[in-house]
Amino acid sequence: MSLRPQKTVKRPTTPYERIGRRAPVTHLVQRFYDLMESNPAYAELRSIHSDDLTEMRESLTDFLVAWMGGPRDWFDKKPGACIMSAHAAMRGIDEITARQWMDCMTEAAADLAQKDPQLAQSMLTSMQSMGKTMVARAKAAQEAKVATDE
Ligand code: HEM
């Protein structure tokens, strides 16, 4: 039996640890909104956002940090907030803007996809499925509104 000390490999416990904590998430979000602001392919998506994206840059970063298992500042700042209900109530959430959101996020995550393809893929797959549900819920909310308006 060897008496040499065993090398312990510390594995990241959450996607937040695995991505490298807050700085890479900030980088991803900055890139996402920079692309949304500059690439005409995302024009419809840009048009449903506020003119000034400063708050959104912070909010999406806080949300993703918490969503990946890091500090829960987004939830602490917005007690009781639900990201799915928030989107269901927004105008302009449809297949076109959802497609642009995913394309824009996929482009923003190119660095991550190079560094850690598995993490990038699982993050994008989860976002895609959230986006699909957001569109379905926004449609249902819109239809219910039309029905009560009639
Ligand atoms: C279906 C695709 C999506 C569309 C079209 C969309 C669109 C929007 C819009 C228009 C806003 C409000 C922006 C503003 O006030 O300027 C917003 C806010 C936000 N979105 Fe999305 N979004 C989508 C998917 C997602 C996904 C998948 C996530 C999370 C992984 C997300 C996270 C957020 C967050 C955290 C906020 C800020 C809410 C707050 O802090 O009050 N969105 N989104």
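The side chains of Arg 18 and Asp 116 form a salt bridge, with 2.7 Å from N to O. This is a predicted model. Arg 18 sits in helix α1 (residues 15–19) and Asp 116 in the loop between α8 (110–115) and α9, so their contact ties together parts 98 residues apart in sequence. Arg 18 is partly exposed, at 36% relative accessible area. Asp 116 counts as buried, because its relative accessibility is 14% and the cut-off for buried is under 20%.

**Salt bridges**

Across the whole structure, a search finds ten salt bridges. Three of them are listed here.

| Pair | N to O distance | Location |
|---|---|---|
| Arg 18 – Asp 116 | 2.7 Å | helix α1; loop between α8 and α9 |
| Lys 77 – Glu 58 | 3.1 Å | helix α5; helix α4 |
| Arg 99 – Asp 103 | 2.9 Å | both in helix α7 |

Lys 77 and Glu 58 meet through their side chains at 3.1 Å, N to O. Their bridge links distant parts of the chain: Lys 77 belongs to helix α5, Glu 58 to helix α4, and 19 residues separate them. Glu 58 is partly exposed, with 45% relative accessibility. Which residues are linked with Lys 77 in a network of salt bridges? The network comprises Arg 22, Glu 58, Asp 62 and Lys 77.

Arg 99 is partly exposed at 43% relative accessible area. Asp 103 is partly exposed too, at 32%.

**The largest pocket**

The largest pocket holds about 940 Å³ of space. It is lined by 36 residues, and those closest to its centre are His 49, Met 56, His 87, Met 90 and Trp 101. Which elements give two or more residues to this lining? They are α4 (54–67), α5 (73–77), α6 (83–88), α7 (95–108) and α9 (117–149). Helix α4 supplies the largest share, nine residues.

What is the make-up of the lining by class? There are 20 nonpolar residues, seven polar and nine charged.

Helix α4 contributes to the pocket lining and carries Glu 58 of the bridge to Lys 77. Helix α5, which holds Lys 77, also contributes to the lining.

Definitions and conventions:
Residues numbered from 1 in each chain as written. Predicted model: local features only at pLDDT ≥ 70, side-chain atom pairs only at ≥ 80, totals over all residues. Heavy atoms only, no water. 1 Å grid on protein atoms, 1.4 Å probe; cavity = no way out; pocket = protein on both sides within 12 Å on 5 of 7 lines; lining within 4 Å. Points joined across faces, edges and corners; volume = space filled by probe spheres on them. Helix = DSSP H or I, 4+ residues; strand = E, 2+ residues; numbered from the N terminus. Nonpolar A, V, L, I, M, F, W, Y, C, P; charged D, E, K, R; others polar. Salt bridge = Lys/Arg side-chain N within 4 Å of Asp/Glu carboxyl O. Buried < 20%, exposed > 50% of the residue type's maximum accessible area, 1.4 Å probe, protein only.
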